[in-house]
Amino acid sequence: MNKLITLLFLILSLGCSNQQTGEEDRIIKHLESQLDYAVKNAELLATSELISPRTSENGKLKLVKTRDWTSGFFSGNLWMMYELTGDEKWKETALKFTLPLEQEKWNGNTHDMGFKMYCSFGQAIKYTDNPEYREILIQSAKTLSTRFNPVVGCIRSWDHNSDKWDYPVIIDNMMNLELLLWAAKETGNENFKEIAIKHAETTIKNHFRDNYSSYHVIDYNPQTGEVQHKNTHQGYADESAWSRGQAWGLYGFTMLYRETGNDEFLGQAERIADFILSQPGIKQGEIPYWDFDAPGIPEEPLDASAGAIIASALFELSTFSDKQREYVSVARNLLATLSTDKFLAPVGENEGFLLKHSTGHKPHDSEIDEPLVYADYYFLEAIIRNRALKTKDE
């Protein structure tokens, strides 16, 4: 049987019995070999400024600077491979790609501090006892908190496109709140937690439609806090459901419940999940198109990153919800699909990225049907979360 097809049966069977241990080891070995190839690729092309793989562009690996919002994911992938294998070489390699990001702790020009710093140093601190990493993360949280406007009740997302928006807040920003909540626990500074909770509450109020799909961008008046525009910048249309945006919301509110125990956030996560699971094919494990409302379905591009984020979020949400069985079933179906040869790259191909067929920004004609480093990140996280559920059930 084709090796990659065998991986399908692996994912479907994870959590069923100990007899599948060999199959689980096989998929991890496959991913480890591909990440080995990715590291060699990156090391060949890396410069003093371009350090982290992001995607493939014109058939070549594209590296980005530390200030890019995706710069923390590759090191995060390496940390997760260390968790999956226990091999010290992955710890050493992960540090090599993590440490250059330290300078970003002072970068107050972006809301993406969580993506960059918590996906890298936040992973590092799980496996090391270096107090310097703790201080880097705390400073990163302080820097992120400077972008909070108490009148609006949200952290500002973008500083660009001032001709379009006065104070834009994007659904993706939910993903950066985990850094603040971590810092609140570490320091005892409740201001970090208060900012995160207020941002989430304001997002519930203004980002979601009656069916619990979300807009991408809400533009506020920074002086009054009033909503001025509701847009879906990276989706098909303002009123459409951009699939990765729905995934960010699901993941973000699940995480907020884990960190706060606030039932409002659990309810929001479950309602977002209901919307996502109502989309054709999702329950059966079909990977989302880039926008659930794109007019050319089934000829539209897929977004494996959205599928991976949804799978990872559902695994975690299942641990809090009465709908555990349904959420785990859907998450495992999505993992099974991502593990077929349609999506999982053979070793030595795809510029070293694990997954194929993601979509970054279709309206901007950017990163369409390409690998994306954050698709790999949430794919690996989903595997780890699935393994944790399996261990718990044994």
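Pro298 is found in the loop between H11 and helix H12 (304–318), where helices (H or I, at least four residues) and strands (E, at least two) are DSSP runs numbered from the N terminus. The peptide bond that leads from Ile297 into Pro298 is cis, with omega near 20 degrees. The model is predicted, so local features need pLDDT of at least 70 and side-chain atom pairs count only at pLDDT 80 or more, while totals for chains, interfaces and linings use all residues. Residues are numbered from 1 along each chain as its sequence is written, and side-chain values use heavy atoms, with hydrogens and water left out.

Most residues other than glycine have a negative phi, and most peptide bonds are trans. Asn58, although not a glycine, has a positive phi of about 55 degrees. Asn58 sits in the loop between strand E1 (52–57) and strand E2 (60–64). With a relative accessibility of 75%, Asn58 counts as exposed; here buried means under 20% relative accessible area, exposed over 50%, and partly exposed in between (1.4 Å probe, protein chains only). In sequence, Asn58 and Glu370 are 312 residues apart, yet their C-alpha atoms are 9.7 Å apart in space. Asn350 is not a glycine either and has a positive phi of about 65 degrees; Asn350 lies in the loop between H13 and strand E8 (358–361).

Attention now turns to helix H10. Helix H10 (residues 243–260) has 18 residues and reaches 26 Å from its first C-alpha to its last. This is close to the expected 26 Å at 1.5 Å a residue, the expected span being 1.5 Å times one less than the number of residues. Of the 18 residues of H10, 16 are buried, so H10 is largely enclosed by the rest of the structure. Just after H10, Gly261 takes a positive phi of about 70 degrees.

Two packed helices are described by the angle between their axes and the distance between the axes. Axes are lines fitted to C-alpha atoms, for helices over the stretch in contact, and angles run from 0 to 180 degrees between N-to-C directions. H10 and H11 pack at an angle of about 155 degrees, with their axes 8 Å apart. H10 is therefore roughly antiparallel to H11; angles under 35 degrees count as roughly parallel, over 145 as roughly antiparallel, 65 to 115 as roughly perpendicular and the rest as oblique. H10 passes H11 in a left-handed crossing, meaning that the near helix is turned anticlockwise from the far one by less than a right angle, whereas clockwise would be right-handed. Residues of H10 that meet H11 include Leu250, Phe253, Leu256 and Tyr257, and those of H11 include Phe265, Leu266, Ile272 and Phe275, with contact meaning heavy atoms within 4.5 Å. By class, the contact of H10 with H11 has 12 nonpolar, five polar and one charged residues. In this scheme Ala, Val, Leu, Ile, Met, Phe, Trp, Tyr, Cys and Pro count as nonpolar, Asp, Glu, Lys and Arg as charged, and the others, Gly among them, as polar.

H10 also packs with helix H14 (residues 373–393), at an angle of about 45 degrees and with the axes 14 Å apart. H10 and H14 are therefore oblique to each other, and H10 passes H14 in a left-handed crossing. Here Arg244, Trp248, Tyr251 and Arg258 of H10 meet Tyr374, Tyr378, Glu381 and Arg385 of H14. The residues of this contact divide into four nonpolar, no polar and four charged.

A further pairing joins helix H11 (residues 263–277) and helix H13 (residues 324–338), which pack at about 50 degrees with their axes 12 Å apart. H11 and H13 are thus oblique to each other, and H11 passes H13 in a left-handed crossing. Glu270, Ala273, Asp274 and Leu277 of H11 make this contact with Glu326, Tyr327 and Val330 of H13. By class, the contact has four nonpolar, no polar and three charged residues.

Finally, Leu181 is placed in helix H8 (residues 177–187) and is buried, with a relative accessible area of 3%. Leaving aside neighbours within four places in sequence, Leu181 is in contact with Lys193, Ala196, Met255, Leu256, Glu259 and Thr260. Leu181 and Ile272 are 91 residues apart in sequence and 22 Å apart in space, C-alpha to C-alpha.
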